[in-house]
Amino acid sequence: MPLFFRKKKPSDDARKRLEYQMCLAKEAGAGDVLDISKCELSEVPYGAFATCKVLQKKVLIIHTNNLTSLVPKSCSLLSLITVKVLDLHDNQLASLPADIGQLTSLQVLNLERNLLTRLPQSVGDLAQLQMLNVKGNRLKELPATVSGLRSLRTLDVSENALQELPRVLAHVRTLETLTLDASSMTYPSPDICGAGTESIQQFLCKECGIAYYPPSQYLLPVLESDGGGTSLDGVDRAVPKYLEEESEWQNKFLDYEKRKEKKMQEKLEFERRLNMGQREHALLVQQINSQKDEMLQTVREDQLRLEEGLTKHQRCLEEERLKLLQQLKQAEQGVASRIQKLLEDNQRQKQSSDILKSLENERIRMEQLMAITQEETEQLRRREVASAMQQMLAESYKNKLIQMTYESRRQDLVSQACSSLAEMDQKFQQILAWQQLDQNKAVSQILQQIEMQKAAFEALQVKKDLMHRQIRNQV
């Protein structure tokens with residue numbers, strides 16, 4: 001067995017139930033009942049003791065939990081001084097507080113199906129206790145102080161390890177119902193135990209040497225000062241009054257049992273409605289989440305398609321851009337080749353000028369040789385220079401025309417490239433606008449679904465509040 005273990009935390013439903021019951025007990029008109037059963041508690045919360053003390057609760061129900069002790073740390077049992085009904089069945093209590101006798105107002109104590117091995121001696125101080133249920137525990141004996149239970153009417157000690165009854169139980173003159181395992185008893189004998197409560201009490205009274213009188217002849221509670229019975233004359237005189245008070249107590253207990261059964265049915269109905277509402281809410285949330293997931297999947301697929309379209313379009317734009325760059329490169333190569341041709345033409349012009357110079361020198365030499373007159377030489381030179389100048393002007397004009405044609409062609413190519421890029425940018429902006437519209441539409445649909453979910457949750461909350469209000473009004 002491990003020395004250290006971690007306490008099991010209550011589930012969400014148990015924690016919600018505890019919070020709801022604590023809030024319900026603090027509301028105005030909540031009554032005298034504090035019910036924190038089936039909350040998976042390992043110890044009684046401090047707030048329960050404080051609520052019983054401040055609001056003077058008279059009925060404390062803590063059954064079907066995991067309690068190992070009744071009083072938590074930093075709490076006092078005197079906080080339950082006003083409690084008349086204490087229901088602790090179906091827990092794991094191994095012992096009761098030693099000062100349990102301080103609950104002087106206690107009338108009903110239900111300890112069924114726990115782990116009790118003994119009862120504290122102070123249990124005899126519960127003078128107003130009318131019902132004690134210790135069925136399904138591990139008791140081997142009852143303390144002798146049970147003789148102090150002067151108001152006890154019902155005692156259930158079945159399904160224990162009990163084999164003997166204390167003889168002083170004969171002093172409990174109000175005992176009407178005693179439930180035990182007759183077959184396992186050794187004192188009184190199984191025959192006497194099987195004959196019923198009256199037979200057992202008659203036997204115990206005979207063992208104690210006191211007279212036996214029926215429980216209906218005693219008040220609730222009966223205070224005996226000498227440990228024995230009362231005189232027969234006094235009992236005869238008080239019989240009508242005892243019978244009247246007995247019937248009143250019987251009616252009170254019947255009313256309590258009816259109210260307890262009714263509240264239990266209301267509680268079960270409320271839990272059923274609450275579970276149904278939670279299932280409906282969970283189903284609604286699941287449907288909304290599935291719809292949201294479908295819409296998000298659709299938006300994701302549309303986005304993927306748009307991204308694929310954008311990628312394809314960008315690829316096309318990149319191919320067109322590469323084509324345009326190739327064309328510009330080819331155009332630049334053509335322009336470079338033309339410039340090279342122009343440079344070669346200029347070189348040829350320089351060579352022609354050198355040739356002219358050489359020709360001029362040759363002509364001068366020939367002129368000298370041939371003794372041509374100065375006037376003829378001048379005219380001849382002027383004509384040659386004029387023809388050379390005319391040829392040079394024609395070449396330069398031709399080169400200028402070629403350069404202008406190249407510039408115009410280059411401008412046309414640049415303008416075509418710019419217009420193509422502008423068209424591609426416009427198409428890309430249009431595609432982005434379409435994508436934005438699709439995204440806005442998807443977001444609006446999601447917001448609409450969220451609004452619908454919010455409205456459904458608000459309607460469910462209103463329904464739950466109405467159910468809580470109806471239950472509070474019924475309680």
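Gln21 is in contact (heavy atoms within 4.5 Å) with Leu34, Asp35 and Ile36, leaving aside its neighbours within four places in sequence. Gln21 sits in helix 1 (residues 12–26) and counts as buried at 9% relative accessibility; buried means under 20% relative accessible area, exposed over 50%, and partly exposed in between (1.4 Å probe, protein chains only). Please keep in mind that this is a predicted model, where local features need pLDDT of at least 70, side-chain atom pairs count only at pLDDT 80 or more, and totals for chains, interfaces and linings use all residues. Residues are numbered from 1 along each chain as its sequence is written, and side-chain values use heavy atoms, with hydrogens and water left out.

**Helix 4**
- Helix 4 (residues 197–208) has twelve residues; helices (H or I, at least four residues) and strands (E, at least two) are DSSP runs, numbered from the N terminus.
- Its buried residues are Thr197, Ile200, Gln201, Phe203, Leu204 and Cys205, and their cover includes strand 7 (177–179) and helix 3 (190–194).
- Just after helix 4, Gly209 takes a positive phi of about 80°.

**Salt bridges**
- The structure holds 17 salt bridges, each a side-chain nitrogen of Lys or Arg within 4 Å of a carboxyl oxygen of Asp or Glu.
- Glu280 pairs with Lys463 in a salt bridge, with the closest N and O atoms 3.7 Å apart; this links helix 5 (residues 232–370) to helix 6 (residues 374–474), 183 residues apart.
- Arg363 and Glu360 form a salt bridge, with the closest N and O atoms 2.1 Å apart, and both are buried.
- Asp90, Glu112 and Arg113 are linked in a network of salt bridges.

Technical notes: Expected span 1.5 Å × (residues − 1).
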